Amino acid sequence: MRPRVLIPAERIAARVRGLGTAIARDLAGGRDAPLLLLALLDGGFCFVADLARALPLPDVEIGFLRTSSYRGGTRSTGVVEREPVPAVAGRSVLIVDDILDTGRTLAAVRGDLTRAGAAAVRACVLLDKPARRIDPDGRADYVGFTIPDVFVIGYGLDHAGRFRHLPDLCVLDDG
Ligand code: XMP
């Protein structure tokens, strides 16, 4: 299997800077508590690291939540395993994820945060594959790139734990 570049690192960097500017403009945070970026792991680790540093805001809190729906393959299992969300009552939360696919992960985490009393829940994904959407509640307020139904690796995304280190977003070709 050979990675082929889909979106090069320079384009990712430029888009992340644009997202940071838009998010900071829209979600400057409340008077009592700063905006909470809740990054979904494992795939969102590169994206949140760059996005957080692209936010021109004086105060932001970053939390992490491990979720899983793929178990090493290239198709969603349909079951979203996830950790309990942190205490978010009254907070403005931005979920940060690598890719929006069926929508089940974002719908599940959004529901958990709403039940936990968050004042506002929004979501930012680097990639959106609208062709694969099943759950309409799995929607994102900020999207980096809309892509076709291909399995993507690199910039945090993996295939069976491999290729997360690649700086470009790639697809896997046979051979
Ligand atoms: P759902 O289906 O819940 O999926 O929207 C979101 C999660 O599925 C994983 N995912 C991928 N991971 N390459 C990956 O490495 C892909 O092309 C891909 N599509 C979905 C990802 O973990 C995401 O958070």
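In the predicted model, an oxygen atom of the ligand lies 3.5 Å from a polar backbone atom of Arg104. The protein covers 92% of the 510 Å² of accessible area that the ligand has on its own. Two elements, E5 and H3, each give two or more residues to the shell around the ligand, and E5 gives the most, with 3 residues. In total, 16 residues surround the ligand, the closest being Asp98, Thr102, Gly103, Thr105 and Val152.

Helix H3 comprises residues 104–115, and its 12 residues reach 16 Å from the first C-alpha to the last, close to the 16 Å expected at 1.5 Å a residue. This helix is largely enclosed by the rest of the structure, because 9 of its 12 residues are buried; the buried residues include Thr105, Arg110 and Asp112, together with Leu106, Val109 and Leu113. The buried residues of H3 pack against E2, strand E3 (60–68), strand E4 (81–82), E5 and E6. Just after H3, Gly117 takes a positive phi of about 95 degrees.

Although Ala22 and Leu55 are 33 residues apart in sequence, their C-alpha atoms are 8.8 Å apart in space.

The largest nonpolar core has 31 residues, and those with the most contacts inside it are Ile23, Phe47, Leu94, Leu126, Leu127 and Leu169. Two or more residues of this core come from each of H1, strand E2 (35–41), helix H2 (45–53), strand E5 (92–100), strand E6 (120–128) and strand E7 (142–146), with H1 giving the most, at 6 residues. Apart from this core lies another, of 16 residues, among them Leu36, Leu38, Val88 and Ala123. When residues up to four places away in sequence are not counted, Leu94 touches residues including Ile23, Leu27, Leu36, Leu38, Arg122, Ala123 and Tyr142.

Definitions and conventions:
Residues numbered from 1 in each chain as written. Predicted model: local features only at pLDDT ≥ 70, side-chain atom pairs only at ≥ 80, totals over all residues. Heavy atoms only, no water. Core = buried A, V, L, I, M, F, W, Y, C linked by side-chain atoms within 4.5 Å. Buried < 20%, exposed > 50% of the residue type's maximum accessible area, 1.4 Å probe, protein only. Helix = DSSP H or I, 4+ residues; strand = E, 2+ residues; numbered from the N terminus. Contact = heavy atoms within 4.5 Å. Expected span 1.5 Å × (residues − 1). Near = heavy atom within 4 Å. Polar contact = N/O pair within 3.5 Å; in protein donor to acceptor, adjacent residues only side chain to side chain. Areas by Shrake-Rupley, 256 points an atom, 1.4 Å probe, with all protein chains shown as cover.
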